[in-house]
Amino acid sequence: MWSLTRPDAPSGEPLLVVDDRVTGATKEVLDAGVSLGMPRREAEALAPFATVVVRDVGDETRRFEPVIATVEDLVPRVEAVSPGLLFVPVAGAVRFYGGEEELAARIVKELDVLTGARRGGEALVGIADGPFAARWAAATAQLGEPNVVVDTVSFLFGLDLGTLRESMGGDEMIDTFRWLGISTLGDLARLPRETLASRFGNPGVLAHCLASGDDRMVDPRDIPADFGVEMEFEDPLESLDAVAFAGRNLAERLLKGLRAAAVAPHSVTITAIAAHGPPRERVWRLADPFTEKALSDRIWWQLRAWVETAGVPGGIVGLSIRPSDLSGEGKQLGLLSDETSTIEAERALARAQALLGPDNVIQGRSQGGRMPGERVSWSRWGEPKSDLERDPEAPWPGATPSPSPALVPPRLQPIEVEWDGGMPTRVRMGSRWEPVLTWSGPWRLSPRWWTGERSADRYQLVTSVGAFLCVVSEGRAFLAGVYD
Amino acid sequence: MVGVPGTGLTRLGLKLLAEPSRVAPVVVLDTRGWISPEAAWETGVLHERLIVVRCDDLILWPKVTSALLEGVRAIYVEVPVRIGDQDLRRLAALARARRVAVAMRSLGNGLPSGIAHLRLRALGVTWEGADRGHGKLKKRRLMLEASGKGVAGVSRRFEVEDEGTDAMRVVSDVVVNQTRRAVG
């Protein structure tokens with residue numbers, strides 16, 4: 001983890017770096033109550049004395065590039081997550097350098113050299129099992145003192161619940177946990193995972209996995225060689241506009257091919273071939289599968305960093321993107337579907353499910369039945385559908401005709417209807433009586449006497465304020481639907 | 001959308017989800033637990049893309065609505081009576097920022113000014129098909145008044161004919177009232 005300093009920031013003054021939320025701040029600003037991720041307006045109100053600068057991710061990537069290169073010289077196959085955060089697989093390197101602490105010390109030493117040569121930047125190094133634990137090991141490390149976590153589970157158990165915020169993409173579920181008296185990851189991990197799955201759905205399971213040290217692992221798939229995409233250029237690309245266009249084009253092609261195979265990449269390797277000089281290669285990783293925008297952004301940041309740091313002498317003559325860590329979260333693009341919107345909608349529904357519980361985010365299926373309430377089979381959204389209770393293909397003689405009432409009470413509601421010689425004349429609507437203008441029915445609902453059902457008659461009553469479906473059984477009237 | 005139950009606004013609101021449901025999931029935020037998906041399917045909403053979210057908790061309602069507005073493309077929302085104007089304005093701003101198509105149905109007397117692009121008020125409904133015990137409900141005509149920016153600030157009344165299928169049509173512009181300008 002590397003703190004980037006804005007070269008254009010006034011030296012020694014409090015500083016706030018924002019996009020629509022706070023992405024960086026100096027100590028004075030943090031002391032004033034500002035926190036990372038806080039909405040920009042709120043932060044500006046809390047720290048009016050701070051100089052506000054807008055985040056430039058491309059520029060941050062360019063300035064982070066020497067850090068990546070330095071670490072990559074020590075350990076191959078590093079994975080950039082965002083400017084300032086880098087994951088390093090240490091399994092092989094530990095043997096080479098003689099231990100985790102030795103490796104961490106070596107990384108710190110090399111980065112110290114880099115810090116001496118450039119303005120800004122301080123390294124926090126953490127080693128733990130899994131990306132989530134390693135990220136927080138680094139965040140809790142001291143400058144120049146790597147945090148090598150021996151017991152990852154115990155380390156995670158002591159962390160505040162707020163550490164999940166970054167991975168869960170929101171506060172709602174965390175707020176709910178706090179409201180339930182859960183304040184640390186240990187408290188959360190001690191709950192049965194099944195209970196969380198039942199109450200919060202997939203996000204709850206993910207939170208429990210992270211808290212328990214079972215970090216999110218992608219489901220690795222075989223990667224056929226033809227999933228990668230590449231472009232070659234007769235004239236080397238030197239302008240940023242041309243590079244950006246090529247990157248976007250490659251991102252679209254890559255994801256289109258992967259979607260057709262119903263897979264999605266969690267990690268990509270970007271390779272640029274320079275006109276004069278060795279090829280450059282960088283791996284980028286995301287916890288969620290890459291979307292087109294996320295991938296285009298990272299390609300753009302990386303290429304811009306290489307171009308602006310003279311990392312590709314003579315311009316770029318070839319570009320390739322290779323996916324890795326494919327998971328089954330990729331979905332086949334339907335002819336008339338918008339996959340991005342579908343994924344976003346599913347995330348929104350998962351958040352609603354976390355707030356309300358799985359029984360309140362539901363989906364209906366059409367089934368057979370005579371009454372409107374019977375003809376819908378409800379199931380929890382996102383869960384396997386149960387068998388239908390009533391055969392939708394059966395004839396169902398005597399079914400209430402369409403159009404269906406738009407409002408159907410979960411249970412029949414008692415309603416007052418005045419009759420004159422078997423004909424409805426008035427309906428009580430709250431405190432007043434509405435005359436029945438016309439009606440249809442009665443339609444007899446033949447009972448299943450063996451289940452204890454009683455016979456009933458259905459009427460469609462039309463008043464000046466709307467039409468209603470009414471059931472009359474044993475002299476009492478009930479509201480069964482409103483044609484709203 | 002403002003009108004008492006029975007005036008046909010639920011079905012009209014559900015109809016607005018039909019087109020967006022062809023490309024992505026659409027959501028109905030059901031406050032009373034009464035909305036029938038069967039009516040939505042009849043108006044052309046795709047079965048597998050309609051999700052119903054039930055929320056009768058006044059404290060959670062703004063949070064749930066806001067969470068849904070962050071991700072879905074189109075939503076029909078029943079607005080409970082005691083939701084504050086401030087919450088509604090914040091949600092409307094979020095919907096505009098996220099470019100979400102929102103049909104808000106007030107369960108009370110109305111919605112605060114300035115939040116809706118188009119305001120529809122139900123003036124009445126007439127039904128055809130039922131005749132003193134014979135026939136069945138077949139067709140209805142909704143009398144609506146539209147106002148707001150969506151009609152360029154010119155309040156107008158019109159009728160919508162609904163035969164219970166996915167075809168609804170505006171059959172007449174009844175009155176154009178140019179004296180009132182839009183508030184929102």
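This is a predicted model: local features need pLDDT of at least 70, side-chain atom pairs count only at pLDDT 80 or more; totals for chains, interfaces and linings use all residues.
**A walk through chains A and B**

Strand β22 (residues 466-473) of chain A pairs with β21(A) in the antiparallel sense, over seven bridges. Within it, Val462(A) has Ala467(A) in β22(A) as its bridge partner. A hairpin of two residues joins β21(A) to β22(A).

Now look at the other partner of β21(A). Strand β20 (residues 438-445) of chain A also pairs with β21(A). The sense is again antiparallel, and the pairing runs over six bridges. How well covered is strand β21, residues 456-463 of chain A? Seven of its eight residues are buried, so the strand is mostly covered; a residue counts as buried when 20 or more other C-beta atoms lie within 10 Å of its own.

Strand β2 (residues 15-18) of chain A meets β3(A) in the antiparallel sense. Three bridges make up this pairing. Leu16(A) has its bridge partner in β3(A), namely Ala25(A).

One residue in this part of the chain deserves a stop. Arg6(A) sits in the loop between β1 (2-3) and β2 of chain A. Which residues does Arg6(A) contact, leaving aside its neighbours within four places in sequence? They are Leu15(A), Val17(A) and Val53(A). The C-alpha atoms of Arg6(A) and Glu60(A) are 8.4 Å apart, although 54 residues separate the two along the chain. Being buried would take 20 or more, and being exposed would take 12 or fewer.

Chain A also has helices that pack on each other. Two packed helices are described by the angle between their axes and the distance between the axes. Helix α12 (residues 240-260) and helix α13 (residues 292-308) of chain A have axes that come within 9 Å. These axes cross at roughly 145°. The crossing of α12(A) and α13(A) is right-handed. On the α12(A) side, the residues that meet α13(A) include Leu240(A), Val243(A), Gly247(A), Arg248(A) and Leu255(A). On the α13(A) side, Leu295(A), Ile299(A), Trp300(A) and Arg304(A) are among them. By class, this contact has eleven nonpolar, two polar and four charged residues.

Turn now to chain B. Its secondary structure comes to four helices and eight strands. From the N terminus, the elements run α-β-α-β-α-β-α-β-β-β-β-β. Chain B has 184 residues, and 50% of them count as buried. Take the contacts in chain B between residues at least 6 apart in sequence: 63% of these join residues at least 24 apart. Helix α3 (residues 60-69) of chain B is mostly covered, with eight of its ten residues buried. Among them are Trp61(B), Lys63(B), Val64(B) and Leu69(B).

Where do the two chains meet? The contact takes 48 residues from chain B and 48 residues from chain A. Several elements of chain B each supply at least two residues to the side that touches chain A: α1 (9-15), α2 (37-42), β2 (50-54), α3, β5 (119-131) and β6 (134-147). The residues on this side divide into 25 nonpolar, twelve polar and eleven charged. Strand β14 (residues 361-366) of chain A and β2(B) pair in the antiparallel sense over two bridges. There, Val361(A) stands opposite Val53(B) in β2(B).

Last comes the predictor's confidence. Chain A has a mean pLDDT of 83, and 93% of its residues reach 70 or more. Confidence in chain A is lowest in β1(A), at a mean of 74. It is highest in strand β23 (residues 476-482) of chain A, at 94. Over residues 330-336 of chain A the pLDDT is below 50. Beyond near neighbours in sequence, this stretch has 15 contacts in the model.

Note on methods: Residues are numbered from 1 along each chain as its sequence is written. Chains are lettered from A and ligands numbered from 1 in the order in which they are written. Two strands pair if DSSP finds at least two bridges between them. Two residues are in contact if their C-beta atoms, placed from the backbone, lie within 7 Å. Ala, Val, Leu, Ile, Met, Phe, Trp, Tyr, Cys and Pro count as nonpolar, Asp, Glu, Lys and Arg as charged, and the others, Gly among them, as polar. pLDDT is the predictor's confidence in each residue, from 0 to 100. Axes are lines fitted to C-alpha atoms, for helices over the stretch in contact, and angles run from 0 to 180 degrees between N-to-C directions. A crossing is left-handed if the near helix is turned anticlockwise from the far one by less than a right angle, and right-handed if clockwise.
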